[in-house]
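Visitor: I have a sequence and a model open side by side, and I would like to be walked through them with some care. Could you take my questions in turn?

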Amino acid sequence: MEGPADDASAPERSRLFLPSLLDGQVAIVTGAGSGLGRETALELARCGARVTICGRRAEPLEETVALDPHGLIEAHVCDIREEDQVQRLVDVVIGRNSKIDLLVNNAGGQFLAPAESITPKGFRTVIRLNVEGTWLMTHAVATKAMIPSGRGGKVFSVTLSPHNGMPGMAHSGAARAAVENLMRTLAIEWARFDVKLLALAAGQFETQTLMSKYPQAIVDQIAHTIPLGRLGSEREWAEMVAYLASSAGDFFSGTVITMDGARDDWLGPWPPPQATDEEGRPLSEERREPVRPSPDSGAQAPQV
Ligand SMILES: NC(=O)c1ccc[n+]([C@@H]2O[C@H](COP(=O)([O-])OP(=O)(O)OC[C@H]3O[C@@H](n4cnc5c(N)ncnc54)[C@H](OP(=O)(O)O)[C@@H]3O)[C@@H](O)[C@H]2O)c1
């Protein structure tokens with residue numbers, strides 16, 4: 001099954017939105033030197049937002065800047081785990097733009113490993129990046145820009161689907177659950193400042209990282225684990241972020257928005273292959289005589 005094709009023929013324009021949708025908005029997107037973050041930054045810029053992107057390495061960030069024909073994206077090297085770097089990034093963005101309307105906490109990651117082999121250091125590393133990094137960015141942007149300006153703003157934090165357990169990623173599952181609760185809690189506390197916060201839970205998306213980092217046997221099977229039968233595209237993800245950043249998203253806060261082709265609800269296609277009739281249709285209820293084994297005869301006798 002194929003999803004909507006990415007519109008490579010017109011990468012400078014949004015497939016869905018007017019170029020003025022986010023005119024005048026100032027955004028930060030973390031981890032935008034690749035994958036979902038890069039496409040998010042590009043889509044926000046296609047819609048007129050001024051976007052500062054960050055990551056630890058300058059080169060991928062510059063590649064994202066070069067893909068933006070509108071000149072609306074600026075790059076700033078920043079490790080979101082380092083408090084001083086985060087403070088500096090936020091100061092720079094405020095210094096240049098006088099405000100911040102949107103923060104997309106996209107930077108994150110983990111490594112695939114059975115729980116019994118995750119060391120304390122490995123666990124701490126994943127928690128530090130995904131939870132503490134998200135907290136540092138969110139707190140700095142809110143306290144330096146969104147709250148004192150009296151204008152409020154939006155914070156979106158990328159998390160993971162499925163939610164009912166993350167075998168092979170115990171550290172990241174725990175981290176993303178923490179981030180989802182953080183977004184819910186801050187949405188209550190900071191509603192009085194008109195700061196809206198969401199967790200955006202990503203299922204499996206066809207990013208370079210996902211396609212190249214995980215074992216091929218797992219990558220080959222992913223589409224079969226998703227009820228819609230395919231991975232998500234970076235562009236679909238970025239369009240959701242732009243929509244939520246627009247005024248259409250102004251009443252969303254304190255919740256988790258999941259984009260995962262129904263993976264949160266079910267593993268694989270429906271009907272499952274072993275529960276179909278001869279034509280491959282889902283089995284329906286049928287009324288028949290229950291058959292129970294008789295202890296005397298060993299034969300199966302019908303019962304009412
Ligand atoms: N792809 C999927 O299917 C999927 C599914 C669920 C969730 N997600 C989540 O969605 C987000 C983006 O995923 P992706 O697939 O696009 O991954 P990606 O291409 O690996 O992007 C992650 C980005 O984060 C940056 N980064 C990592 N550590 C950082 C740090 N300490 N400070 C600042 N930036 C940092 C990386 O750049 P540097 O290395 O230069 O810092 C990189 O550009 C991640 O949080 C990921 O876990 C992805």
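**A guided look at the fold**

Visitor: In which loop is Ala262 found?

Guide: Please keep in mind throughout that this is a predicted model. Ala262 has a phi near 75°, a positive value in a residue other than glycine, and Ala262 is partly exposed, with 14 other C-beta atoms within 10 Å. As for its place in the chain, Ala262 sits in the loop between E7 and E8.

Visitor: Where does Pro162 lie, and what is the omega of the peptide bond from Ser161 to Pro162?

Guide: Pro162 lies in the loop that runs between strand E5 (153-160) and helix H5 (170-189). The peptide bond from Ser161 to Pro162 is cis, and its omega is near 10°.

Visitor: Is Asp194 buried, exposed or partly exposed?

Guide: Asp194 is placed in the loop between H5 and strand E6 (195-202), and its phi is positive, about 60°, although Asp194 is not a glycine. A residue counts as buried with 20 or more other C-beta atoms within 10 Å and as exposed with 12 or fewer. Because Asp194 has 15 such atoms within 10 Å, it falls in between and is partly exposed.

Visitor: Turning to the chain as a whole, what percentage of its residues are buried?

Guide: The protein chain has 8 helices and 9 strands, and its C-alpha atoms fill a box of roughly 90 × 45 × 40 Å along the principal axes. Among contacts between residues at least 6 apart in sequence, 72% join residues at least 24 apart. Of the 304 residues in the protein chain, the buried ones make up 38%.

Visitor: Leaving aside neighbours within four places in sequence, which residues is Ile53 in contact with?

Guide: Ile53 is one of the residues that touch the most other members of the largest nonpolar core. Once its neighbours within four places in sequence are set aside, the contacts of Ile53 are Val29, Ala32, Ala41, Leu61, Thr64, Ile73 and Ala75.

Visitor: Are H4 and H5 roughly parallel or oblique to each other?

Guide: The axes of H4 and H5 come within 9 Å and cross at roughly 20°, in a right-handed crossing. Residues in H4 including Phe123, Val126 and Trp135 meet residues in H5 including Ala175, Val179 and Leu182, and by class this contact has 10 nonpolar, 6 polar and 1 charged residues. Since angles under 35 degrees count as roughly parallel, the two helices H4 and H5 are therefore roughly parallel.

Visitor: How many charged residues are in the contact of H1 with H8?

Guide: The axes of helix H1 (residues 35-46) and helix H8 (residues 234-245) come within 8 Å and cross at roughly 50°, so the two are oblique to each other, and their crossing is right-handed. Glu39 and Glu43 are among the H1 residues in this contact, and Glu234, Arg235 and Glu239 are among those in H8. By class, the contact of H1 with H8 has 8 nonpolar and 2 polar residues, and its charged residues number 5.

Definitions and conventions
Residues numbered from 1 in each chain as written. Predicted model: local features only at pLDDT ≥ 70, side-chain atom pairs only at ≥ 80, totals over all residues. Axes fitted to C-alpha atoms, helices over the stretch in contact; angles between N-to-C directions. Helix = DSSP H or I, 4+ residues; strand = E, 2+ residues; numbered from the N terminus. Parallel < 35°, antiparallel > 145°, perpendicular 65-115°, else oblique. Left-handed = near helix turned anticlockwise from the far one by under 90°. Contact = placed C-beta atoms within 7 Å. Nonpolar A, V, L, I, M, F, W, Y, C, P; charged D, E, K, R; others polar. Core = buried A, V, L, I, M, F, W, Y, C linked by C-beta atoms within 7 Å.
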